[in-house]
Amino acid sequence: MRYLANVVTLEYDAGLCTGCTNCTLVCPHAVFRMEDKRAALVDRNACMECGACARNCEPGAIKVRAGVGCAAGVINGWLAGSGPSCDCSDGSSCC
Amino acid sequence: MQERSYAWQDGVVRTGTDEVPRLRTALSTRDRLGSWAARWAIGRMDYSVAPGLYAVGDPTPESPVLVSANYKLSVDRLRSVLAGRHAWVLVLDTKGINVWCAAGKGTFGTEEIVRRAQAAGLERVVSHRTLIVPQLGAPGVAAHVVKRECGFRVAYGPVRAEDLPAFLDAGMKATPEMRRVLFGLVDRAVLIPVELVTGAKAALLIAAALLLLGGVGRDLYSLAGVRGVGLPSAGLFLSTFVLASALGPILLPWLPGRAFAVKGAVLGVLVAGTAGALALSCGWPLAAFHAVAWGLIVPALSSFTLMNFTGASTYTSLSGVLKEMRLSLPIQGTAAGVGLVLWLVGLFFPFGVRP
């Protein structure tokens, strides 16, 4: 299954890649692949913006606005006057 | 209901001066009942085990260390795949939330790993310096920072616990398949109960309001109206909610469109069409205003319900969800609002299809 195309905030600067392979290990949707000892962004539209790659990229070659793609969380955030929050730990039951 | 009976504990393992509880690898009937209840959102927000270090089998200082969340379902899943093995399990305090959701919030994260490893004196318990962290914990964990802060290297394990034995046997190597998150029929179906329970309160309130309002009409208020208009209206509303919550997740890959709101609207049109055909073929009286009203309300409700399933899915991005909400919320709201007005008008002008 594929979600909306051309919407994600994922940005990758191959020039900063040190070839550690972390992004290819943590991404649950195979957005990155190793090519010639560097990571290549091969399936940007499969990105769900979980932020795992960026957090595990020591040289900071990957940037993404990480968040949870959760409509209920966005509505909760609006009602609470804060940002999107899929905060299930406060007694409300979602995710 | 943090588990205090410790039916899942099987004695202790001594590590120098400390005692570490040993986890049973066989799940009991009680464990299975607990999982079932959690799937129905019964006590789900507090279904946890105490954080800290645990043992599986008779681990030695060379045995692997597996990191987990303190959601009981997460620990159950992990220990059940480790039968016949020897390992350490470091359970983080994620407030009883599963690994992936907790990682998104950061409670399953770098700081908690470092804190928990130090609190357990892990560097004295094991001779190696590797932590196996579930891959879905990665959104909250910076492997290089963990290494810097406590000296332990993070090895990202497979997405699914059932792949752990193969991962361990292959020398901590995951195949590409083990690294992919799937969203198969079973993955989607187990989420249906929580979807139903989460929306049930609002759905029942609205259905009750429709039931009572159905009595309003030209003769002010009548029980005949409650029975003839209110009851079928409440029934159709609840049916739509249940069908969207249950059929939506099941039919997800086959419903047209990529946006969940579109998939839900299509499902709603199918539901409304089926209900209309049923009403006609059974000869139920149906006011014209009400026919049009439900033609708008049912797809709007179905669209909204399935849009809210984005949070439970495994492949939607926040940017995508914001985009589809910006486009679909005004349409859903307008359709539902106009539908409601038409329904109210129909109470006073009940002309239409009659048997």
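**Exercise 1. Determine the handedness with which H1(B) passes H2(B) in this predicted model, and describe the geometry and the residues of their contact.**

Solution.
Step 1. H1(B) passes H2(B) in a left-handed crossing.
Step 2. Helix H1 of chain B covers residues 29-39 and helix H2 of chain B covers residues 72-80; their axes come within 10 Å and cross at roughly 135 degrees.
Step 3. An angle over 145 degrees would count as roughly antiparallel, and 65 to 115 as roughly perpendicular. H1(B) and H2(B) are therefore oblique to each other.
Step 4. On the side of H1(B), the contact is made by B:Asp31, B:Gly34, B:Ser35 and B:Ala38, and H2(B) contributes B:Lys72, B:Leu73 and B:Asp76.
Step 5. By class, these contact residues comprise 2 nonpolar, 2 polar and 3 charged.

**Exercise 2. State how chain B is divided into domains and describe the contact between them.**

Solution.
Step 1. The domain assignment gives domain 1 (9-181) and domain 2 (186-353) in chain B.
Step 2. The centres of these two domains of chain B, taken over C-alpha atoms, are separated by 42 Å.
Step 3. Domain 1 of chain B supplies 4 residues to the contact, and domain 2 of chain B supplies 6 residues.
Step 4. The side of domain 1 that touches domain 2 in chain B has 3 nonpolar, no polar and 1 charged residues.

**Exercise 3. Characterise the side of chain A that touches chain B.**

Solution.
Step 1. The contact involves 39 residues from chain A and 44 residues from chain B.
Step 2. In chain A, helix H1 (22-26), helix H2 (52-55) and helix H3 (71-80) each supply at least two residues of this side.
Step 3. H3(A) gives the most, with 4 residues.
Step 4. By class, the side of chain A that touches chain B has 24 nonpolar, 11 polar and 4 charged residues.

Technical notes:
Residues numbered from 1 in each chain as written. Chains lettered and ligands numbered in written order. Predicted model: local features only at pLDDT ≥ 70, side-chain atom pairs only at ≥ 80, totals over all residues. Contact = placed C-beta atoms within 7 Å. Nonpolar A, V, L, I, M, F, W, Y, C, P; charged D, E, K, R; others polar. Axes fitted to C-alpha atoms, helices over the stretch in contact; angles between N-to-C directions. Parallel < 35°, antiparallel > 145°, perpendicular 65-115°, else oblique. Left-handed = near helix turned anticlockwise from the far one by under 90°. Domains from an automatic or database assignment.
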